[in-house]
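User: Could you walk me through how to read some features of a protein model? I'd like the general idea each time, then the case at hand.

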Amino acid sequence: MKTYVVGGAVRDEMLGLPVQDRDHVVVGATPEQMLKLGFRPVGRDFPVFLHPETHEEYALARTERKTAPGYHGFTFHTAPDVTLEQDLQRRDLTINAMARDGDGRLIDPCRGAEDLGEGILRHVSPAFAEDPVRILRVARFAARFGFSVAPETQALMQQMVAAGEADALVPERVWQEMAKGLMERTPSVLFGVLRDCGALARVLPQINVLYDEGLEGEALQALDAAAAGGAALEIRFAALARVLEPEAVEALCAKLKAPANCRELALLAARHAHAIADAAELDAEELQILLDAADAWRRPERFRDLVDAALAGVAGAPPARARLRAAHDAALAVDAGAVAKTQKSADGIKAAVAQARLAAIRGALPQQG
């Protein structure tokens, strides 16, 4: 029985990056042996165990065979005679198909170290084409590392799309990979890779239309600007989606089954991004209308996120941001409860609170008189 550190931990260590998780492959063992050693089984489809002390994952070396369309259509084989090289051969990219033994020796049958040094994403074997999720992973790794896609891998991904493999991707998995890609260093690269192989039109048609209409530049610039500022996922998604029509945002979020917080912020950005960008020119009444429409009183934190999404990458954003913040803070300081006590009807309360907020906004922006 031998154990090896494999995959991303080896890759990231060689790149000088922090290693978040260490995955291990075990060669020459059975599930029964792992249990006797105190490992806890956690794998559903194939034997994966957690170390009794470190809680790191240890998977028995395995091979796999395609049995049906899509990324669920696989059968796995594990046995003590499955070698490390066989296990590495089933992996997606050469840079993820490296291992280190207990002495730190590199095992690299697919020449992943060479591709890592040259910044190339290259598939390990033709079996890459059996799992459409790998198209999304290639795009995500390109966004993370800034690596280029090998020509033969690009051609293979195009063939996969033409064969309909991308159509087998379920919304939850597309969102999962896209969300990870949005959080990478240069997330715009993700969409360029998907566009080049034809997958963007299949999995994210609303984003693909931006390329067809020549509008992708603004969307991707906003996304990368939000990423450069360390923005949260929902802000990055909203920055990307703000150039879309609200109906297209609804369709995109429905196709992806996007979480409610991402959907809500993206819709607000699509509806109000232009007004927010022009906020430096708005008077007090116009600012109040914008704040009302964006639900800034009930959800002030979300409104601040909306401003970040709407102004990401916008030239001259500071004056708009400062004016909005001054108006928002002043209006939030109004004691709506105290104002309500001066009125007898619901309509009267609503009008009085609105007037008090408008007065506060005017006071915060004296130049608008």
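Predicted model: local features only at pLDDT ≥ 70, side-chain atom pairs only at ≥ 80, totals over all residues.

User: Let's begin with charges and rings. Which residue lies over the face of W297?

Analyst: That is R357, at 4.4 Å from the ring centre of W297. The criterion is NZ of Lys or CZ of Arg within 6 Å of the ring centre and within 35 degrees of the ring normal. Residues are numbered from 1 along each chain as its sequence is written, and side-chain values use heavy atoms, with hydrogens and water left out.

User: How many aromatic pairs does a search of the whole structure find?

Analyst: Four. Rings of Phe, Tyr and Trp (its six-membered ring) pair if their centres lie within 6.5 Å; planes under 30 degrees apart count as stacked, over 60 as edge-to-face and the rest as tilted. F141 and F145 are a stacked pair because their ring centres are 6.1 Å apart and their planes are at 10 degrees. Together with F147, they form one aromatic cluster.

User: Where do F141 and F145 lie?

Analyst: Here is the general idea: an α-helix has 3.6 residues a turn, so residues three or four places apart point the same way. Both F141 and F145 belong to helix α5 (residues 133-145), four residues apart, about one turn of the helix. Helices (H or I, at least four residues) and strands (E, at least two) are DSSP runs, numbered from the N terminus.

User: Are F141 and F145 buried or exposed?

Analyst: Both are buried, where buried means under 20% relative accessible area, exposed over 50% and partly exposed in between (1.4 Å probe, protein chains only).

User: Which residues touch the most other members of the largest nonpolar core?

Analyst: In soluble globular proteins, nonpolar side chains tend to be buried together. A nonpolar core is a set of buried Ala, Val, Leu, Ile, Met, Phe, Trp, Tyr and Cys residues joined through side-chain atoms within 4.5 Å. The largest one has 60 residues, and F191, L204, I207 and F237 touch the most other members. Helix α5 gives the most to this core, with nine residues. A second, separate core has 35 residues, including L282, A312, L324 and L358.

User: What is I207 in contact with, leaving aside its neighbours within four places in sequence?

Analyst: Contact means heavy atoms within 4.5 Å. By that test, I207 is in contact with F191, L200, L240, L244 and L252. F191 is also one of the buried residues in helix α8 (residues 188-197), along with S188, L190, V193, L194 and C197. After α8 comes G198, with a positive phi near 90 degrees.

User: How many disulfides are found?

Analyst: A disulfide is a covalent bond between the sulfur atoms of two cysteines. The search looks for a pair of cysteine sulfur atoms within 2.5 Å, and it finds zero in the whole structure.

User: Last topic, strands. In which sense do β1 and β2 pair?

Analyst: Two strands pair if DSSP finds at least two bridges between them. Strands β1 (residues 2-6) and β2 (residues 23-27) are antiparallel, with five bridges, and T3 has V26 in β2 as its bridge partner. In contrast, β2 and β5 (residues 57-60) are parallel over four bridges, with E57 as the partner of D23. E57 is the bridge partner of L50 too.
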